[in-house]
Amino acid sequence: GQVLELLRGVQRGSEDRRRWLSRLRWALQNEDTQQKFVRLDGSIRTLTGLFTSSLAELQLEAARCLHELSHSSVPAVAEACLPVTSYLLTYLSGHSLELTELCLYTLGNLVVESEAVRKQLLPQGIIPVLASCIQSPHEAVLEGVGYVLSQLLQAKEAPTDIIPLVLDSALPQHMLQLVCSGLKAATGAAVEFAWCLHYIICRHKDNELLLALGAVPALTSLLLDLAAQIPQEAPEGLELLVCPVLRCLSNLLAQTDCQGLDRRLLIALFLILQCFLQQHPFLIHECLWLLNNLTADDPSCCSALLSLDLLPALLQLLTCSQMGTVLV
């Protein structure tokens, strides 16, 4: 009854439409209400109409309602939103920052829950649209793009349907640039895109493109900069960037040889290890995996480890954890 009353209020087109929409948005924070709402005849059609309205305030409030709906973990709710996906994509190139951000997170949420939504968005051109959004100067938009992309790249059909499209677009080079500028600016976006690169590298057999774009020297240089700047206390959240960067480099090195690799990376790894040892012990494993891939079948890397006198530091890690001990 209450849900129907809210829908009627929104449909009536009276002066109070925005207030009704606002009440609807609060109601849609409830899982039951979300399901009841999408079952009502004309509910999504009404929201879509307001979302495409020329009145900015109504449009924004309708976008907030759609965003609440996208939080539902029930696939049927995400699928009820199928008619609105093309508009969500269209408004990503609009002028309102808040609307762009809302559209991005709504898309990202819908993509998680429904394969039907993902299947519809690909022919609608979500990858080219994201490739143009990633050139935005606004950090909030970049973070949103990273969120949508990381959800898409984790989908079960990503290796066959999504990763090839991403690799064919301008996204990889921009992602790499943003990850590598993560120490200077837009750390949130850099974290999202570092995970995106990780999902591509570990789910795609052939990473020739990323290697050709210079991913190995670029990520190496990021870790060298990081090690050179590390204060006694690592800034909050930095571990979230370091973890996927270590993984990306580790997996790329497993697919190519380490010839010409900057030997300073070995020292940088131990500096990073020392910095995060106490607070974020999970990073020990990531560093050791990378060290493992660096030294495997590479005599020059092994001798560098000895000549740089890094063995004592390695032996100190023997007691860090069961997994760590095995890696050491």
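How much space lies in the largest cavity?

Tutor: The model is predicted, so local features need pLDDT of at least 70 and side-chain atom pairs count only at pLDDT 80 or more, while totals for chains, interfaces and linings use all residues. Residues are numbered from 1 along each chain as its sequence is written, and side-chain values use heavy atoms, without hydrogens and water.

The largest cavity holds about 30 Å³ of space. The structure has 1 cavity of 30 Å³ or more. A cavity here is a set of points on a 1 Å grid over the protein atoms alone where a 1.4 Å probe fits but cannot get out, with lining residues having an atom within 4 Å of a point; points are joined across faces, edges and corners, and the volume is the space filled by probe spheres set on them.

Leu-222, Leu-223, Leu-226, Leu-241, Val-242 and Val-245 line the largest cavity. Two elements each give two or more residues to this lining, α16 (215-229) and α17 (238-255); helices are DSSP runs of H or I, at least four residues long, numbered from the N terminus. By class, the lining has 6 nonpolar residues, no polar and no charged ones. Leu and Val both count as nonpolar.

Pro-159 sits in helix α12 (residues 158-167) and is partly exposed at 30% relative accessibility, where buried means under 20% relative accessible area, exposed over 50% and partly exposed in between (1.4 Å probe, protein chains only). Apart from neighbours within four places in sequence, Pro-159 is in contact with Pro-164 and Arg-203, contact meaning heavy atoms within 4.5 Å.

The cysteines come next. There are 0 disulfides, a disulfide being a pair of cysteine sulfur atoms within 2.5 Å. Cys-248 is in no disulfide, and the nearest cysteine sulfur, that of Cys-202, is 8.4 Å away. Cys-248 is buried, at 1% relative accessibility. For Cys-287, the closest cysteine sulfur is in Cys-243, and the 9.4 Å between the two is too far for a bond. Cys-287 is buried as well, at 2% relative accessibility.

Notes
On a 1 Å grid over the protein atoms alone, a cavity is a set of points where a 1.4 Å probe fits but cannot get out, and a pocket is an open set with protein on both sides within 12 Å along at least five of seven lines; lining residues have an atom within 4 Å of a point.
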